[in-house]
Amino acid sequence: MATVSGQLKDASINGKPRDLSNMIFDISPTDTPFLTMCGKATASQTLHEWQTDALKTPGTNAAVEGADVTTFAESNTTELNNKTQILTAAINVSGTAQKVEQAGVSNQYAYQAAQRMKELKQDVEFALLSNQVAVSGSDSVARKMRGLPTWLTANMNLGASGANTGTAAATAGTLRLPTEAILKKVLTSVYKAGGKPKKIMCAPDIRVKLSEVLTGGATKMENADRKKATAVVDVYVSDFGSLEIIPNIVQGYVPYSQNCAFVLDEDYWKVAYLRPFQEYQLAKTGDSKKGQLLVECTLEARNPASSGMIADLKAE
């Protein structure tokens with residue numbers, strides 16, 4: 001094709017405005033299933049305490065007619081506790097950055113605060129699922145809450161050499177593939193303890209593997225239009241009730257918990273807040289706007305025997 005002399009083309013044009021969309025597209029996961037599932041309670045001290053109780057094991061009970069009462073029964077509660085943990089995030093926006101225009105952002109400080117709040121909630125989820133016992137803290141050591149895995153010592157199934165006493169972080173065992181038989185054992189143990197779990201929570205890769213192995217008593221979702229069963233098990237129908245299987249993206253980042261499937265009776269887990277999620281301005285010390293996001297809370301295991309744990313799992 002012959003070159004046209006003197007023709008102005010796009011590449012030679014200066015002063016063109018940018019064709020920048022006025023939207024910011026962020027697909028980062030923000031789900032916090034366990035934090036959402038737990039709901040809220042209130043703490044009034046950094047050492048948050050509560051009580052549990054249990055009935056005696058059923059046994060033979062027969063009285064002689066007319067006999068005097070000579071034997072009495074009593075029960076006493078068990079006191080449990082956890083430490084509150086402070087989690088924070090900070091924002092610092094220069095005066096210039098706050099003033100200049102940016103596509104998709106009308107207020108830079110507000111935008112940064114919203115992003116940091118999402119991250120802070122995920123950090124709380126991470127702490128709740130962490131394999132750690134409570135840390136009292138000091139002037140140089142931060143307080144830490146006791147995380148979910150160390151509470152689940154009553155109804156657990158661990159890999160070879162795995163251990164979980166509740167007095168220290170759980171020890172990881174040999175990884176193994178999940179099976180329906182293992183899940184049934186844990187569900188039976190939880191039921192005998194009196195729990196009525198309705199959720200199975202696990203990391204995404206373990207969730208996928210569960211869909212493959214839970215076939216014996218599983219209800220598979222079906223496309224009503226095509227009458228074609230999918231490969232996803234959303235609800236597992238056990239001998240003791242139906243359980244929703246929930247993938248937790250944050251759990252996939254938490255050491256130890258990323259290899260666990262938690263069988264949860266959500267009624268017995270709460271997040272107790274000493275200070276709820278809040279944002280406040282920091283003192284102005286220069287040409288910038290500073291702020292801090294903060295929450296202080298702990299995991300309240302109202303009765304750990306209500307739930308169970310399958311640890312040391314792998315997806316392949």
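Is Trp151 buried or exposed, and what is its relative accessible area? In this predicted model, Trp151 is buried, with a relative accessible area of 4%.

## Aromatic pairs

The count of aromatic pairs in the model comes to four, and one of them joins Trp50 and Trp151, whose ring centres are 5.8 Å apart and whose planes meet at 45°, so the pair is described as tilted. Because Trp50 belongs to strand E2 (residues 47-52) while Trp151 belongs to helix H4 (residues 148-151), this pair ties together parts that are 101 residues apart in sequence.

Tyr191 lies in helix H5 (residues 180-193), whereas Phe240 is found in the loop between strand E8 (228-238) and strand E9 (241-247), so the pair ties together parts that are 49 residues apart in sequence. Tyr191 counts as partly exposed, at 47% relative accessibility, and Phe240 likewise counts as partly exposed, at 35%.

Elsewhere, the charged end of Lys121 sits over the ring of Phe277, and here the distance to the ring centre is 5.9 Å.

Technical notes:
Residues are numbered from 1 along each chain as its sequence is written. This is a predicted model: local features need pLDDT of at least 70, side-chain atom pairs count only at pLDDT 80 or more; totals for chains, interfaces and linings use all residues. Side-chain values use heavy atoms; hydrogens and water are left out. Rings of Phe, Tyr and Trp (its six-membered ring) pair if their centres lie within 6.5 Å; planes under 30 degrees apart count as stacked, over 60 as edge-to-face and the rest as tilted. Helices (H or I, at least four residues) and strands (E, at least two) are DSSP runs, numbered from the N terminus. Buried means under 20% relative accessible area, exposed over 50%, partly exposed in between (1.4 Å probe, protein chains only). A charge sits over a ring if NZ of Lys or CZ of Arg is within 6 Å of the ring centre and within 35 degrees of the ring normal.
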